[in-house]
Amino acid sequence: MKVFCGRTNPTTGSVEWLEEDEHYDYHQEIARSSYADMLHDKDRNMKYYQGIRAAVSRVKDRGQKALVLDIGTGTGLLSMMAVTAGADFCYAVEVFKPMADAAVKIVEKNGFSDKIKVINKHSTEVTIGSDGDMPCRANILITELFDTELIGEGALPSYEHAHRHLVQENCEAVPHRATVYAQLVESRKMWSWNKLFPIRVQTSLGEQVIVPPLELERCPGAPSVYDIQLNQVSPTDFTVLSDVLPMFSVDFSKQVSTSASCHCRHFEPLASGQAQVVLSWWDIEMDPEGKIRCTMAPFWAHSNPEELQWRDHWMQCVYFLPQEEPVVQGSAVCLVAHHDDYCVWYSLQRTSPEKNERVHPVRPVCDCQAHLLWTRPRFGEINDQDRTDQYIQALRTVLKPDSVCLCVSDGSLLSMLAYHLGAEQVFTVENSAASHRLMKKIFKANHLEDKINVIEKRPELLAPADLEGKKVSLFLGEPFFTTSLLPWHNLYFWYVRTAVAQHLGPGATVMPQAASLHTVVVEFKDLWRIRSPCGDCEGFDVHIMDDMIKHALDFRESKEAEPHPLWEYPCRSLSEPQQILTFDFRQPVPSQPIRSEGTIKLRRPGRSHGAVLWMEYHLTPDITVSTGLVKPTEDKGDCCWNPHCKQAVYFFNTTLDPSVPSDSSRTVSYTVEFHPHTGDITMDFTLPDV
């Protein structure tokens, strides 16, 4: 059966109705899931297995039958571990139907159907009794309901319900306990992901400084965690202000509460500085004694950094304090961790929370709009003075005293740069009401509310009256649009340029004047694991899961690139960067496709995991801004990526299975085509010798 799905095309800006398979969402969910990453997490799997064996043994030693409730079973792996460890029966709960169906098949293939019952329900819907899903309460509770923040996937409500309705009092739990840790740091780099910094512009009248509105400076920000691969942040990018502090623990073997709570830890700062950011992670102990421990600690806080397990399903957390606050070495302060049922946030106090009226159990709310409209990387991009200087340099070469500028980019400060550099009149288009309000606040804070005209309208719908009857002499953009997921989605700028051609004056300048699509073949250090088949996992056959993911990928995603912030995922280039498509913004979008075919020569040995693609914007003939590689690759091929942008990764499925010998091909063939009517870029990369 087919269904119609409506979507806004991020490249063309048009609303499209597409005919999709009725299970399209399921395919996407599976193809883009972290199941493969979890199955490859040797440390996680081994520690769970050890904890399960110990829990079953403790129950057996008491002369009881071992009855297991496994919430969020996924593949059924943990239930199969429990039966192998001697459990008498397992009830494996999985709410996602395709996953539950796969678990039934995996359990059957491994010969455990008589000991494991897969229940396709949310755990809060599971019933107990002679006619229920379970005849009685379980005495062992096994779960893997955690995300990078520990509680963000609803672990606390699920545990609370399970203890009240599904498991026996004083049951065994695997994991037994979780502890959240925090470390207070000062970091201009990370703080730039949360606040708008002053931006300096050298003009003919001297230095002009673009300042943030007071409302934005005072805003506590969004409470949402920024989860990243903290191991890829250089220690030189932050100053440690505290030791690693254990903030709070949750005992999963007892009744768990979803009530809001706060936990205070007094400490003496290790150095004086500005407290800005809290780095946080957690560990889980699989047994009551804490001998079986799985930790998410970054390398500098890890007990044995050489045994650090790479994983992408659990990373580390970056939290931003509501305001930066000075701390003095040796002068005690209190770090407070707050949480409700799904969210964690932090505050810094001078005294204990019970005595301080500033502590609020309610999570902070962004009231300036910026934290709701701009992502963390977007904040960093806007605050990148070097990047801004490139645009300033380019604007100086194209601006004239009588320039009438039209800026088209979401939440961009380009219009302010153009005004300060001497444009006669500046118009900027903001698509949404929220973005329109934010930009008005920024303009007002800089006394430009009467100097820059903000138009709240889709740019394709501009009328002569919106531009006060004037013709545009400079059409400019970064380009950046909030709807863009893949690098080439910002080609929406080209479609807008085409749509507003009637408003452009004779000889109008377009900046950027062109763009180009680039690629390089890489070997990933670890990212390849998210697409690699698992086969056997801790002695259990999970080929069915591999086949399920492959089928989901073959449905569409295997022929598509996917976005990843590659500064977090080290890789080596096996080829030199290569330009494969160009787009001339000085001309309208063509009616015919733009196609490129060719080969990429591999110059370094290694396993070709995939091709990375990115856009470069040629502001002028001499000034280019890259969304991908920001400097030439080193001799060994190590890549340095733009930290503000996601690059596109096209995985070569034939090389992702580590059991298959490394490819010996020295070339990669490609076909890439831009389709003007849809704005899509289709691609195919092949390894001829594989």
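Reader: What should I know about the model before I start?

Author: The model is predicted, so local features need pLDDT of at least 70 and side-chain atom pairs count only at pLDDT 80 or more, while totals for chains, interfaces and linings use all residues. Residues are numbered from 1 along each chain as its sequence is written, and side-chain values use heavy atoms, with hydrogens and water left out.

Reader: Let's begin with disulfides. How many does a search of the whole structure find?

Author: A disulfide is a covalent bond between the sulfur atoms of two cysteines. Here the cut-off is a pair of cysteine sulfur atoms within 2.5 Å. The search finds 1 disulfide. Cys264 and Cys334 form that bond, with sulfur atoms 1.7 Å apart. The pair links distant parts of the chain, 70 residues apart: Cys264 is in strand β14 (residues 261–267) and Cys334 in strand β18 (residues 333–339). Strands are DSSP runs of E, at least two residues long, and helices are runs of H or I of at least four, numbered from the N terminus.

Reader: Now strands. How do I read pairing?

Author: Strands of a sheet pair through backbone hydrogen bonds, either parallel or antiparallel. Two strands count as paired if DSSP finds at least two bridges between them. Strand β20 (residues 404–408) and β21 run parallel, joined by 5 bridges. Leu406 has Phe427 of β21 as its bridge partner.

Reader: Which way do the side chains of β21 point?

Author: In a regular strand the side chains alternate between the two faces of the sheet. From β21, Gln425, Phe427 and Val429 point one way, and Val426, Thr428 and Glu430 the other way. Strand β21 (residues 425–430) is mostly covered, with 6 of its 6 residues buried.

Reader: Where can I see antiparallel pairing?

Author: Look at the open sheet of 3 strands, in the order β31-β35-β36, where the pairing is antiparallel. Its edge strands, β31 (594–601) and β36 (680–686), each pair on one side only. Strand β35 (residues 667–675) pairs with β36 over 7 bridges. Val672 stands opposite Met683 in β36.

Reader: How are aromatic rings described?

Author: A pair of aromatic rings is described by the distance of the centres and the angle of the planes. Rings of Phe, Tyr and Trp (its six-membered ring) pair if their centres lie within 6.5 Å; planes under 30 degrees apart count as stacked, over 60 as edge-to-face and the rest as tilted. The structure holds 28 aromatic pairs. One aromatic cluster is formed by Phe475, Phe493, Trp494, Phe583, Phe585 and Phe674.

Reader: Which ring does Arg378 lie over?

Author: Arg378 lies over the face of Phe480, at 3.8 Å from the ring centre. Such a charge needs NZ of Lys or CZ of Arg within 6 Å of the ring centre and within 35 degrees of the ring normal.

Notes
Buried < 20%, exposed > 50% of the residue type's maximum accessible area, 1.4 Å probe, protein only.
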